[in-house]
Amino acid sequence: MKLTDAVNATSVAVDAVARVSVEQCDASVLRHELRRIKLVQSRLDAQLARLTHAADRAGAFIGTGARDTAEWLGRETGTSTRKNRGAAELGHAMSNSDDLADAVTTGKISTEQAATAVGAADGETLDAEIISAIEDLPLPAVKPAVENWRARNHPEHDADIAEAQRARRYIRVTDQPDGMTRIDGLLDPESGAIVRTALDEIMNQSAFDNTKRTRPQRCADALTQLAAAASKGKLVGGRSNTKIIATVPFETITERGTARGVTHVGATLDPATVRKMACDAGIHRLITGPGSSILDFGHENRLVTDNLFLALVARDQHCRWPGCNIRATWCDAHHIVHRAQHGATNDENLVLLCHRHHQLSHGSGWNISGTGRELSVHAPDGSMQVSRPPGPPPPVTTAPTDSIGQEPPSDHARQQVDADDSAWLQLTEQLTLA
């Protein structure tokens, strides 16, 4: 069939639906047929994606004054250029993957699932494995599933994506002619989780104040309240009750795995970011069974106790990265020798780093070594700077403690901990796969 004939037939079918008196249909018929027509619409959108990409490839927009087919189509039909470009991207991905093209055109997955998967794959060709995995997933679960597939199959690409996302961050504050101020920005997944968690915490405290504010208005007020508190010196930083919850396989924490962490706000985090967060975090051991049922949720173990953190504040006084003076209570405690390499949780193996420099210490190219008293920061260009605490060492009244407030374990004890972790991992796998 020619394309013209196919489009004519589609137009006739749509006209037929328009002539139906839907008011005379009962609820069960409406429910059944509404589902069917939505699936048909998704399959039609798939063909629209194919056509948009084909038109781009053929240069159909040349001579129209438009930059691409999406822009021309938007002008001609009164539709969104952004959405038209999304259709072209989906069409391009379908042309590179027969598995994807078959799944979308036959209705195995919707065009929205497909578009979300293509975006999360970030250029990697979707294979039959991941397409099959997302068939029965609700739309919000597609992005994390594809990102984990990408991390598992292309870990080097996953790390590059995290760095690229970080580089795209910005906040722009501009004055408007009417006296208002516009705030526009883009945050990487970790920064977004931190900001959303802080704002949600403030918003939740006044969720039922009967002011009839919309959620965007309450969010604006929360940001203003946060800034006002900072201007009055009321932000102490350090260890508030606001929590970011990230669920991650144990192997990722110990640098033996590449699976991403999933935060409670829905964003997923690359393994390096998860390990950075784990430096100064409370960790629960969670054992799951079939269907992700929770079989055991252990007590929280904070790697750096509050007393040890305060001792680091007294010693370091600010971020220990050379040239950075961000206050100590706004910093994270960072293990110089990572826990995965049996680094101790004591003052000799810990330094305080601000959020940005903590990220750099876990990123590629940068490396830190030494002790808490004499920290060496190695830059990607090969240069090295030494950082020492700014003042005299504070008096030591207690012995260095480990993660649960006891003396650092012996080598034999560490070997036993490793053995326990290995046994726990095997148990988790057995319970999860049962």
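**Cysteines, a pocket and a helix contact**

The sulfur of C354 lies 3.9 Å from the closest cysteine sulfur, that of C319, which is too far for a bond. A disulfide here is a pair of cysteine sulfur atoms within 2.5 Å. The structure holds 0 disulfides. C354 is buried, at a relative accessible area of 3%. C25 has 25% relative accessibility, so C25 counts as partly exposed. The cut-offs are under 20% relative accessible area for buried, over 50% for exposed, and partly exposed in between, with a 1.4 Å probe and protein chains only.

This is a predicted model, in which local features need pLDDT of at least 70 and side-chain atom pairs count only at pLDDT 80 or more, while totals for chains, interfaces and linings use all residues. Residues are numbered from 1 along each chain as its sequence is written, and side-chain values use heavy atoms, with hydrogens and water left out.

Now the whole chain. The protein chain has 16 helices and 14 strands. These are DSSP runs numbered from the N terminus: helices are H or I, at least four residues, and strands are E, at least two. Of the 434 residues in the protein chain, 32% are buried. The accessible surface comes to about 26,100 Å², and carbon and sulfur atoms hold 55% of that. The areas come from the Shrake-Rupley method with a 1.4 Å probe. Among contacts with a separation of 6 or more, 52% join residues 24 or more positions apart. Contact means heavy atoms within 4.5 Å.

Next, the second largest pocket. Its space is about 930 Å³. Of the 26 residues that line the pocket, D45, K83, T111, E112 and A115 are the closest to its centre. The largest share, 9 residues, comes from α2. By type, the lining divides into 10 nonpolar, 9 polar and 7 charged residues. A pocket is an open set of points on a 1 Å grid over the protein atoms alone, where a 1.4 Å probe fits, with protein on both sides within 12 Å along at least five of seven lines; lining residues have an atom within 4 Å of a point.

Finally, L90. This residue is found in helix α4. L90 counts as buried because its relative accessibility is 5%. Beyond its neighbours within four places in sequence, L90 is in contact with A49, T111, A114, A115 and V118. L90 and A115 are 25 residues apart along the chain, yet their C-alpha atoms are separated by 5.9 Å.

Definitions and conventions
Points joined across faces, edges and corners; volume = space filled by probe spheres on them. Nonpolar A, V, L, I, M, F, W, Y, C, P; charged D, E, K, R; others polar.
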